[in-house]
Every structure is written in C-alpha cells, then in structure tokens.
Amino acid sequence: VSLGLMGIEFRDGSLTGIDIERNVLTDYLRGIQLGDVSAAAIMPAGGVGKPADVQTAQPGCRIASNLIARHAAPLGHGAAGGLATVFFAIATHAPRCEIVENATNIVDLSESGVLAAGGDTLVARNEVLSAATFNPNFVLTRLPFGVVAIVTQSDAVACTIRDNRFDGLQQAVFATGAASGLGHRVDILQNRVTGIESLVKALLAGKVAAGGGNPVVKLLLILERFSAISLVALSHSRVEGNEIAVAPCGVFALDTLGTSAVANRVTASLAGVVLAIATECDASDNIVDASYADAPTMGVSLFGAARSVAERNAISNVANGIITALGTGLRVQDNDLYLTDTGIVSLIDVDLELRGNTVEDAAYTGIESILSLHELTLAHDRALRCGYRAPGLAPTAAIGIVVLLAIGLVTIDSCHVIDTGESSNAKAPVFSGQRHGILVLFAIGTRCRFSLRLRAVIT
C-alpha cells in the first residue's frame, strides 16, 4: 500500500491479539497505528487521559518486520527549522505490544520513527535511518525522533527500548514521564546511535536553540532536545550498554530518581553522560572519548544532583573529565581520566567525596574544587604529570590538586601527586611555569596526611 495519510490503523475496540507483520507501506504520514495516541489520550496534562487496560490477562499485539518507507517531505510541513507537527512511522497505545524488527527512514525534520505510549511495550531490533538535513542558516529548534516513550499514566507498566539502530540526524530516544510524579521507568539498553558532525558543529556555532530566558534553563533545554538519549521525569530507569557516536551529548537525564547510566560508550561527542537535578542516580563504567580539539567537551557531569555517584568511568580527550556543580552528598570514585584539560572540577558542592580517582596528563589541573561547603574529602586520588604545557602557551601554574575557598573542613588523605608540570614525552621542552603539588587557599579547616609530593599553601 502506498501514498496516503494512514496506512494500517486499529484505533477503537479491543486492542488484543493483533499481529501486523511483513507489510511495506510507502509515503504514508503514519504507517501503523494501534490505539488512540492523541495528546488527550496519552498525556494527563492534555486532558483526562485514556489509560489502556493493563489489569486483565489478555493476548498482546505484535508489530514486526514491516517497512515504512518515505521518499519526500510530508504535505504541509512547517517553516525551516520548525517542528510543528510530528509524523511517526509507528505509533502505539495498547496494553501489551511488541514493536520488533521494523525499518523506517526519515527524510524530513517533521518525520519520526516510533511512538510508544503506556502499556507493557518492547521496542527492539528496529532500524530508524535518517537522511534528513537542516539549513545551517536557520536556527534548529528540535530534531526528529527515533523512538519516543511516553509513560505518564497508570497504564505505563513497563517500557524497554533495546538493540535498535539509529543513524543520521535524529534524537535516538526521548523518554518522558512528565506530570506523573516520577512513578514510571523506561529501560534503554544496547542501542547503537550514530549522529552527524554537522549537528555538532551547528551547536558549537550557536545555530541551535530551545527557548528559555535563563542561561541555565537554555542549557538544560538544549541538552534535553539534542542529546542522543534523553530522559525526563522518570524513576529508576536504566540506560546501559549503548554505543553512541557523533552527538552533542550521549546520555542526558533531567529530574530523575534512581537513574543508572551504566557501561555506555560515547565517542566523538561534546558530552558523555549528564545527570541534572537527579536524586540517588549513578553514572558508572562508562567510556567517553570526545576527541574534539578546542571544544568545551565534558565526560560525566552531575548538575544539581543529590546523593548520587560517578564511579569507574574511563574518560579521555575532553576539556573537563568530570564536573559536579551545586550537588549534595556526591561521591566521585575510582574514575580514570586521561589527556583532559582539567580532570575533575567541583563547583559549590556540599559534602563531596573524591576517592581513588586517577588523573593523568591533564593540561592544566588534575583535580579542582571551588567553593566547597561543609565537608570536602579527597582520599587516595592520584594526579600524574598534570599541568604541562609547551613553551609559548599561557604560563599559568601547573597544579596537581587545588582547593579554592572551602567553607568547611577539607581532608586530603593518602593522595599521590607526581611529576607535576612534566610531560609524558621525555624529549619535550621543560615546563617553565610554577608548579604546585597540592594547593589549598582560603579554607576554614584543612587536614592533610600521608600524601606524596605535597606542596600546600593554607590560609
């Protein structure tokens, strides 16, 4: 079947035991739809909502091995850069549904892949390939979606998105539980995402926007809309084992409880994992390699987080390896950071613990804390060859560990700071600037013990 508004549709009646398999649908605005996916039906904020019946044991639905092909922009597409209407290839709102081994393409900014709303839904082994482009002379405000998971009602039993392939200009996964009170989860596992470099360059050039007046709000909205995987207002979700390349940000979670971002690999991207306004979350065992010279790249970041952890991550070739800001009760432990500008940066954190981290060959500072509050603990951290810069660059000091302005107690225990200002290349010119192993300035109380290569200024 080809060329129309809707290909295969089951909107009303009992949505049980429906199998839609091995169909080819060409140039439909929506290829396959199960259930009512209007805003009033799937979003409580859009109306009273129409939850699916998930309390009765009944046969599930299956959408498998279909091809939804697009060849031209949909009729009535909005202005350049806009995304007024979103056309999904597959959309479901059913009690139980499998969306597996389907393929679709995106040729326009208003097209998207899969919408999964509520129910017990599995989205697995699908391909969403995007050939869409954007005009660099316009400000881009949103991307097409690969998969959107909306879990905002009582029917959101479980949603798993795994083993899918996303290529080209799109946001691979966007999952939201907005207005649900953080009561639902989405698991995003072992997907492969490959973006396009022109999007990363557009972001660096300021050619993307997401509204909002406050700079912090603008940053969060940009991360929400342009990250490869984005989660908003979810509880105990797991993002694990995803391979992400060439993206503004790999994994972004906003306003979440108990989210785990584990064992993801993010390469050639501006940011690896960002957890913002997160509680009891963890970012662990991720591998991040940005490899963008002279760009404000970062590995793992925790902004406004509470009782959360960043541990056992391997981060290299970024400007800032790990950033924590405005956090409470955070623990940064057993991370390995290589070839960064600054290894670990802390800004206005309360009760921060930095334990067992290794920073090697940072261009400026290994570990830096600014305005720590109440208690700051650094234990068993290692800063090796930090601060070396070739002659001709800014002659600022090379520093292994620095604490600037601590309103509380600073404890530095059994830390190793070795070869500060030295290069890993034995033939490199000698660094001519000042060198500080451990530098503490303006702290109410400081305790340093069993630390190697200690050179401190305590005021």
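This is a predicted model: local features need pLDDT of at least 70, side-chain atom pairs count only at pLDDT 80 or more; totals for chains, interfaces and linings use all residues.
Together with Leu405, Ile407 and Ile444, Phe442 makes a nonpolar surface patch of about 430 Å². Two elements each give two or more residues to this patch: strand S38, running over 398-413, and strand S40, running over 435-449.

Asn425 belongs to the loop between strand S39 (416-418) and S40. A polar atom of the Asn425 side chain lies 3.0 Å from the backbone nitrogen of Lys427.

Thr176 is part of strand S15, which covers residues 171-176. Its relative accessible area is 8%, so Thr176 is buried, the limit being under 20%. The Thr176 side chain reaches the backbone nitrogen of Ala178 at 3.1 Å. What else does Thr176 touch, leaving aside neighbours within four places in sequence? Thr176 is in contact with Ala149, Ile150, Val151, Thr152, Val232 and Leu234.

Which residues of H3 are buried? They are Leu220, Ile222, Leu223, Glu224 and Phe226. The cover over these buried residues includes S15, helix H2 (197-204), and the strands S18 (229-232), S21 (251-254) and S24 (271-276). As a bit of background, an α-helix has 3.6 residues a turn, so residues three or four places apart point the same way.

Two residues have a backbone angle to check out. His236 has a phi near 55°, a positive value in a residue other than glycine. Leu371 also isn't a glycine, yet has a positive phi of about 55°. As for where they are, His236 lies in the loop between S18 and strand S19 (238-240), while Leu371 is found in strand S36, residues 365-379.

| Residue | Relative accessible area | Class |
|---|---|---|
| Asn425 | 44% | partly exposed |
| His236 | 41% | partly exposed |
| Leu371 | 22% | partly exposed |

Technical notes. Residues are numbered from 1 along each chain as its sequence is written. Side-chain values use heavy atoms; hydrogens and water are left out. Patches are made of residues with over 30% relative accessible area and no salt bridge: like charges are joined within 9 Å, nonpolar side chains (Val, Leu, Ile, Met, Phe, Trp, Tyr) within 5 Å. Accessible areas come from the Shrake-Rupley method with a 1.4 Å probe; for residues, only the protein chains shown count as cover. A salt bridge is a side-chain nitrogen of Lys or Arg within 4 Å of a carboxyl oxygen of Asp or Glu. Helices (H or I, at least four residues) and strands (E, at least two) are DSSP runs, numbered from the N terminus. Buried means under 20% relative accessible area, exposed over 50%, partly exposed in between (1.4 Å probe, protein chains only). A polar contact is a pair of N or O atoms within 3.5 Å; within protein, one must be able to donate a hydrogen and the other to accept it, and residues adjacent in sequence count only if both atoms are side-chain atoms. Contact means heavy atoms within 4.5 Å.
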